[in-house]
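Here is a short report on one protein chain. Fold order comes before the side-chain contacts.

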Amino acid sequence: METLIIIVLVVAFLVWRMKPAKGTKAISTSELKTILNDKDKFFLDVRTPAEFKGRNIKQFKNMPLGSDFSKVPKDKEIVVICQSGMRSSQACKQLKKLGYEKVTNVRGGMSSF
């Protein structure tokens, strides 16, 4: 019985951590392809510099998770990507806490691109 409770708690915690930040939009990589040249958006890649150097999308600026996101422009929609969607989801939560209103996460990240 204790094992079952622990498993349920771990699953609940993981679901809670993966849940997008309130007010965060999510798009697919195919949707991303249609907006890459939109000048009203700021594209943010939160992977490590090594991951970014290995493969990137030229419109994206590399600022690894944990960077000072206050330098990101507040007057544009922020589109965030990482390798799988996990770090970008965390970055979206951080951006929302900093007061950014228009934040979009790319589901599946570079792995889906």
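From the N terminus on, the elements run α-β-α-β-α-β-β-α-β. That makes four helices and five strands. Both kinds are DSSP runs numbered from the N terminus: helices are H or I with at least four residues, strands E with at least two. The C-alpha trace spans about 55 × 30 × 25 Å along its principal axes. Of the 113 residues, 37% count as buried. Buried means under 20% relative accessible area, exposed over 50%, and partly exposed in between, with a 1.4 Å probe and protein chains only.

The model is predicted: local features need pLDDT of at least 70, side-chain atom pairs count only at pLDDT 80 or more, and totals for chains, interfaces and linings use all residues. Residues are numbered from 1 along each chain as its sequence is written, and side-chain values use heavy atoms, with hydrogens and water left out.

**Salt bridges**

The structure holds five salt bridges. Each is a side-chain nitrogen of Lys or Arg within 4 Å of a carboxyl oxygen of Asp or Glu.

| Pair | N to O distance |
|---|---|
| R47 and D45 | 2.8 Å |

K41 has a relative accessible area of 17%. D38, at 26%, counts as partly exposed. R47 is buried at 2% relative accessibility, and D45 is buried at 1%. Salt bridges that share partners join K25, D38, K41 and E77 into one network.

**Charges over rings**

K33 lies over the face of F113, 5.2 Å from the ring centre. K74 lies over the face of Y100, at 5.0 Å. Such a charge has NZ of Lys or CZ of Arg within 6 Å of the ring centre and within 35 degrees of the ring normal.

**The loop at S67**

S67 sits in the loop between strand 3 (60–62) and strand 4 (77–81). Its relative accessible area is 26%, so S67 is partly exposed. The S67 side chain reaches the backbone oxygen of P64 at 2.6 Å. S67 and A91 are 24 residues apart in sequence and 9.5 Å apart in space, C-alpha to C-alpha.

**Helix 1**

V8 lies in helix 1 (residues 2–18). At 49% relative accessibility, V8 counts as partly exposed.

Methods: Polar contact = N/O pair within 3.5 Å; in protein donor to acceptor, adjacent residues only side chain to side chain.
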